[in-house]
Amino acid sequence: MTYVIAQPCVDLKDKACIDECPVDCIYEGPRKMYIHPDECVDCGACEPVCPVEAIFYEDALPTEWAGYAVADREIFVPLGSPAGAASHGVFAEDHPTVEMEPVREPG
């Protein structure tokens, strides 16, 4: 099991979670942040700093956002495990689950 970043992060990307992650496993997409399931050490440091409560332990992910656990796994299939988000940069595109979400305007 791992932590998952769900729908409330879409179009917000506060990034406070990045500063708290001790293993640099939170990667950035154009509209959402993603936790690499193989690099996450399940410390939970990211969860309490998320201002919109978008981060869940996978077993506690609300049913309506189950697709985000799949998204956080599948986005890394072509990438593998680069062992750190800082050197990776922003994904060129988001997972289809995120791309299907209506765009939320800031504010």
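Here are some questions and answers about the predicted model shown above.

This is a predicted model in which local features need pLDDT of at least 70 and side-chain atom pairs count only at pLDDT 80 or more, while totals for chains, interfaces and linings use all residues. Residues are numbered from 1 along each chain as its sequence is written, and side-chain values use heavy atoms, with hydrogens and water left out.

Q: Where does His-36 lie, and is His-36 buried or exposed?
A: Helices (H or I, at least four residues) and strands (E, at least two) are DSSP runs, numbered from the N terminus. On that scheme His-36 sits in the loop between β3 (33-35) and β4 (55-57). Buried means under 20% relative accessible area, exposed over 50%, and partly exposed in between (1.4 Å probe, protein chains only). The relative accessible area of His-36 is 2%, so His-36 is buried.

Q: Which residue has a side chain joined to that of Tyr-27 by a polar contact?
A: Tyr-27 belongs to strand β2 (residues 26-28), and its relative accessibility is 1%, so it counts as buried. Its side chain makes a polar contact of 2.8 Å with the side chain of Glu-39.

Q: How far apart in space are Tyr-27 and Asp-38, C-alpha to C-alpha?
A: In sequence, Tyr-27 and Asp-38 are eleven residues apart. From C-alpha to C-alpha, their separation in space is 13 Å.

Q: What is the length of the polar contact that joins the side chains of His-95 and Glu-74?
A: His-95 is in the loop between α2 (67-74) and α3 (96-99). With a relative accessible area of 8%, His-95 is buried. Its side chain and that of Glu-74 are joined by a polar contact of 2.7 Å.

Q: Leaving aside neighbours within four places in sequence, with which residues is Phe-76 in contact?
A: Contact means heavy atoms within 4.5 Å. Once neighbours within four places in sequence are left aside, the partners of Phe-76 are Tyr-27, Tyr-34, Ile-35, His-36, Pro-37 and Phe-91.

Q: Which residues of the largest nonpolar core touch the most other members?
A: A nonpolar core is a set of buried Ala, Val, Leu, Ile, Met, Phe, Trp, Tyr and Cys residues joined through side-chain atoms within 4.5 Å. The largest one has 15 residues, and those touching the most other members are Ala-6, Tyr-34, Leu-61, Trp-65, Tyr-68, Phe-76 and Phe-91.

Q: How many residues make up the other core?
A: This core lies apart from the largest one, and Ile-5, Cys-17, Ile-26 and Cys-46 are among its members. Its residues number 14.

Q: Which residues lie nearest the centre of the largest cavity?
A: On a 1 Å grid over the protein atoms alone, a cavity is a set of points where a 1.4 Å probe fits but cannot get out, and lining residues have an atom within 4 Å of a point. The largest cavity holds about 80 Å³ of space; grid points are joined across faces, edges and corners, and a volume is the space filled by probe spheres set on the points. Of its 15 lining residues, the ones nearest the centre are Cys-9, Asp-14, Lys-15, Cys-17 and Cys-50.

Q: How far apart in space are Val-4 and Ile-26, C-alpha to C-alpha?
A: Val-4 is part of strand β1 (residues 3-5) and counts as buried at 1% relative accessibility. Val-4 and Ile-26 are 22 residues apart in sequence, and their C-alpha atoms are separated in space by 9.9 Å.

Q: What is phi of Ala-83 near?
A: Most residues other than glycine have a negative phi. Ala-83 lies in the loop between α2 and α3, and counts as exposed at 67% relative accessibility. Its phi is positive, in a residue other than glycine, and is near 65°.

Terms used: Polar contact = N/O pair within 3.5 Å; in protein donor to acceptor, adjacent residues only side chain to side chain. 1 Å grid on protein atoms, 1.4 Å probe; cavity = no way out; pocket = protein on both sides within 12 Å on 5 of 7 lines; lining within 4 Å.
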